[in-house]
Amino acid sequence: MKYKSYSDLSRDISDNIYKINTQNFDLIVGIPRSGMVPSYMVSLLLNVNCIDLPAFIRNEKLCKGITRDVGTDIVNSHDAKNILLIDDSILSGNSMLNSLKQIPTKFQGLITTAAVYSSHKNHENVDIVLTEVEPPRVFEWNIYHHPVVSNSCFDIDGVLCYDPSNEENDDGDKYVQFLCNAKPRFIPTEKIDYLVTNRLEKYRTQTEVWLSKNGVKFNNLIMLDLPGKEDRLAQPDYYSHKANFYKSSDSSLFVESDINQAIEIANRSNKFVFCVDENIMISPGGLSRFKNKSYLFSKVRYKLSKIQVLRTLYNSFKF
């Protein structure tokens, strides 16, 4: 599964700006909503006015700031003679064709179409393709609203809401308060197939209430069936709950916040994992968990803690 972030988008446009910077466009028209970010990026690189498609159709007056002069006498959008109509990506091409049909016939200027990402280097329904990205693909700006959500596993803490603080994570009254009032982080608009969390089963009611209150749609909630926090932390294999479920499911993506867990889940399941905190898509076998220093130190510390002599020494120094 290919993934593109805002950073990738900016770099891909910059690397391929030569495909459009010699054609003397005097107006960039973005197709809402996904086409607006690349349209503004292109317009700033070319120092050309930019407008969204509905405003262009209405022949609205162009707006600009006071810090930069684009060097043109265009007042209304239909005064442009040579426009670039741009979207973030193209697959079938229907969105681009529908956009072209909306442009009034009274506009007599030249229209060139472009897409930053296409499944092919050349696409019959667009004039310019900046770079090729084969499907399946998701972008930072649509990953929580993409149809892949309905065939995915999502963690809760760190993804749908922020992680509890050490003080809140007491497995008692403070933790219950956190579960009821956790601040939302990313709430998908699509229905999630599986929520797979290391939260304990005894907190199912509080978790379901929070999910309902925050508009999270889901089919299944998979929780950890252990008595308490100490049992959860003492698991001999902390990653098995999420990784094993994902591996046995028919889901095509797991969304996890922690990089160490994301690497482990990807390698064990042999499937893709999107890491929220690092904003990267981890392919199975693509990263070794021991390349991550914090993971390595935590793993070594965990192994050493199981040696009774060292554990006794540690406790004596601690107290």
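## A tour by selection: strands, helix pairs, loops

Start with strand 6, residues 128–132: 4 of its 5 residues are buried, so the strand is mostly covered (buried is under 20% relative accessible area, exposed over 50%, partly exposed in between, with a 1.4 Å probe and protein chains only). This is a predicted model, in which local features need pLDDT of at least 70, side-chain atom pairs count only at pLDDT 80 or more, and totals for chains, interfaces and linings use all residues. Residues are numbered from 1 along each chain as its sequence is written, and side-chain values use heavy atoms, with hydrogens and water left out. Helices (H or I, at least four residues) and strands (E, at least two) are DSSP runs, numbered from the N terminus.

**Strands 5 and 6.** Strands 5 and 6 pair in the parallel sense over 4 bridges; pairing requires at least two DSSP bridges between two strands. Pick Y117 and look across to strand 6: its bridge partner there is T131.

Select strand 11, residues 253–256. L253 and V255 point one way, F254 and E256 the other, and all are buried. Now show strand 8, residues 152–154. Strand 8 pairs with strand 11 in the parallel sense over 3 bridges. F154 stands opposite V255. Then bring in strand 12, residues 273–275. Strand 12 runs parallel to strand 11, joined by 3 bridges. Here E256 stands opposite C275.

**Helix 8.** Move to residues 240–248. Which residues of helix 8 are buried? They are S240, H241, K242, A243, F245 and Y246. Their cover includes strands 8, 11 and 12, along with strand 9 (192–200), strand 10 (218–224) and helix 9 (259–269).

**Helices 1 and 2.** Two packed helices are described by the angle between their axes and the distance between the axes. Select helix 1 (residues 6–15) and helix 2 (residues 36–46). Their axes come within 10 Å and cross at roughly 40°. Helix 1 is therefore oblique to helix 2. Axes are lines fitted to C-alpha atoms, for helices over the stretch in contact, with angles from 0 to 180 degrees between N-to-C directions. Angles under 35 degrees count as roughly parallel, over 145 as roughly antiparallel, 65 to 115 as roughly perpendicular, and the rest as oblique. Show side chains next. Helix 1 makes the contact with Y6, L9, S10, I13 and S14, and helix 2 with V37, P38, M41, V42 and L45 (contact means heavy atoms within 4.5 Å). These residues divide into 8 nonpolar, 2 polar and no charged. Ala, Val, Leu, Ile, Met, Phe, Trp, Tyr, Cys and Pro count as nonpolar, Asp, Glu, Lys and Arg as charged, and the others, Gly among them, as polar.

**Helices 5 and 6.** Jump to residues 173–181 and 204–213. The axes of helix 5 and helix 6 come within 8 Å and cross at roughly 25°. That makes helix 5 roughly parallel to helix 6. V176, L179, C180 and N181 of helix 5 meet Q206, W210 and K213 of helix 6.

**Loops.** Most residues other than glycine have a negative phi, and most peptide bonds are trans. Zoom in on P32 to R33: this peptide bond is cis, with omega near -10°. R33 sits in the loop between strand 2 (27–30) and helix 2. The bond from P135 to P136 is also cis, with omega near 0°. Find P136 in the loop between strand 6 and strand 7 (137–139).

Finish on two asparagines. N24, in the loop between helix 1 and strand 2, has a positive phi of about 55°. N24 counts as exposed, at 67% relative accessibility. N279 lies between strand 12 and strand 13 (280–282). Its phi is near 55°, a positive value. N279 is partly exposed, with a relative accessible area of 26%.
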